[in-house]
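Have the viewer open and follow along.

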Amino acid sequence: MGQSGRSRHQKRARAQAHLRNLEAYAAQPHSFVFARGRVGRSVQQLSMDLRRVMEPLTATRLQIRKKNSLKDCVAVAGPLGVTHFLIVSKTETNVYFKLMRLPGGPTLTFRINKYTLVRDVVSSLRRHRMHEQQFAHPPLLVLNSFGPHGMHVKLMATMFQNLFPSINVHKVNLNTIKRCLLINYNPDAQELDFRHYSIKVVPVGASRGMKKLLQEKFPNMSRLQDISELPLCPPRRGAGLSESEAEPDGEHNITELPQAVAGRGNMRAQQSAVRLTEIGPRMTLELIKIQEGVGEGNVLFHRLVHKTEEELQAILAAKEEKLRLKAQRQDQQAQNVRRKREQREAHKKKSLAGMKRAQAEADGDSDAEDPGAPPEAEGTSQQEEEEDEAEYFRQAVGEEPDEDMFPKAAKRRRPTGPPGKKQRLKEQKPQKAKGRGPGAQAKMGHRGAARNRGQGRPRPPKKAA
């Protein structure tokens with residue numbers, strides 16, 4: 001069997017690098033993006049577009065069934081390391097977007113005033129840049145105008161920042177930044193503009209013909225005398241470019257690259273222009289309320305409802321009373337469980353003791369002393385035995401036994417008083433054959449008469465044992 005091409009140190013270094021990558025990946029924020037309720041085709045597609053924005057740190061093939069509740073999603077999210085929920089829902093009047101932080105909240109509820117799907121944004125552009133390599137890394141988050149407008153605005157900015165992994169500007173690789181997510185806050189209207197762009201870096205300072213050469217798009221050089229005329233020639237002579245290809249580059253998007261970026265002509269310490277192309281989706285959000293927990297809890301902020309201090313105190317008192325009753329019920333349940341456990345243990349000990357005693361009696365343990373029956377019970381049992389023997393003697397012999405034969409047997413005492421009602425009835429009523437009249441024997445024949453004669457015969461006495 002041949003040896004592996006890697007040495008032991010190479011294998012160890014590769015394993016350690018793989019472990020570091022897994023730890024770094026687990027430390028990054030992950031998300032679930034899904035729709036809840038009957039939302040319709042457009043809102044369902046909006047949730048899929050949002051899932052596209054959150055790639056690759058999201059569940060791209062997540063499927064939520066109608067019977068799955070929010071608690072089921074939270075229970076599944078814990079072992080998977082999911083930190084955020086992005087939920088889209090719809091009512092009869094509005095479409096809502098919820099941003100939840102797991103496992104303890106808070107929950108931000110936005111109302112979607114306007115939205116545009118990816119397909120609509122792309123179809124409105126003359127040229128769009130969207131390919132699969134752009135979604136291999138999370139987008140770059142840009143927050144604009146999130147100034148000192150209140151604690152709810154600061155909390156919104158913090159929630160959006162925690163959606164994506166943090167970036168170290170000194171160590172970041174520019175080749176991993178292919179997309180940009182812009183969230184702009186309008187303090188006058190108190191709305192958020194949600195925009196998603198594709199980033200492209202192109203060199204500046206070169207003519208259009210040189211750019212075509214760098215991009216492997218060769219211009220028409222039939223009218224040129226020398227190749228050196230291409231960078232200097234005006235567009236109307238040799239480049240043959242249309243005016244629509246010109247892009248307004250200026251100081252707002254031209255920068256000096258700190259490192260080389262993928263693309264022809266994007267060298268380090270050279271001037272390059274950063275161009276953005278919108279790829280969607282596009283949303284206009286309005287913050288409605290902020291809650292403490294995951295989908296429930298105290299309302300920290302509400303755009304439409306404002307409560308007084310007395311109402312807040314009443315709500316707080318009601319919640320404390322509810323928590324107190326809940327704690328009381330839990331204590332009562334704990335006491336009941338403890339009492340039942342003690343009863344089961346006592347019953348178990350008692351049952352085991354009885355089983356051991358029964359087993360010892362069945363095995364005839366010589367070590368165990370038999371206390372025997374009490375004297376009263378012994379005398380009673382002996383008297384009952386002699387009475388049974390005396391009764392058997394009477395039936396066998398037909399006479400009363402002598403007093404010396406069974407001294408402890410109780411003698412039969414016939415009643416000396418006046419006869420009772422039943423006895424008088426028996427003396428007055430003559431005995432008849434069972435169910436037979438005087439002429440029954442003649443009708444029955446010889447067999448019936450023989451049967452009746454057999455019934456009247458006395459039984460022979462039993463032999464004395």
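Predicted model: local features only at pLDDT ≥ 70, side-chain atom pairs only at ≥ 80, totals over all residues.

Residues are numbered from 1 along each chain as its sequence is written, and side-chain values use heavy atoms, with hydrogens and water left out.

Start with the salt bridges (a side-chain nitrogen of Lys or Arg within 4 Å of a carboxyl oxygen of Asp or Glu). The structure holds eight of these salt bridges. One of them joins E132 to R52, with the closest N and O atoms 2.8 Å apart. E132 sits in the loop between α4 (118-124) and β5 (140-144) and R52 in helix α2 (residues 41-53), so this pair ties together parts that are 80 residues apart in sequence. Helices here are DSSP runs of H or I with at least four residues, strands are runs of E with at least two, and both are numbered from the N terminus. E132 is exposed at 56% relative accessible area, whereas R52 is partly exposed at 28%. The cut-offs are under 20% for buried, over 50% for exposed and partly exposed in between (1.4 Å probe, protein chains only). R52 and E132 also belong to a salt-bridge network together with E55.

Now look at R303 and E286, whose side chains meet in a salt bridge at 2.4 Å, N to O. R303 lies in the loop between β11 (299-302) and α8 (309-363) and E286 in strand β10 (residues 282-291), so the two tie together parts 17 residues apart in sequence. E286 is buried, at 7% relative accessible area, while R303 is partly exposed at 25%. Another bridge pairs E400 with R394 (2.8 Å, N to O), and R394 counts as buried at 14%.

Over on helix α9 (residues 375-397) you'll find D388, which counts as exposed at 55% relative accessibility. Along with E384, E385 and E389, D388 makes up a negative surface patch.

Last stop: A27 in helix α1 (residues 8-27), exposed at 66%.

Key. Patch = residues over 30% accessible without salt bridge, like charges linked within 9 Å, V, L, I, M, F, W, Y side chains within 5 Å. Areas by Shrake-Rupley, 256 points an atom, 1.4 Å probe, with all protein chains shown as cover. Lys, Arg positive; Asp, Glu negative; His and termini not counted. Charge placed at Lys NZ, Arg CZ, Asp CG, Glu CD.
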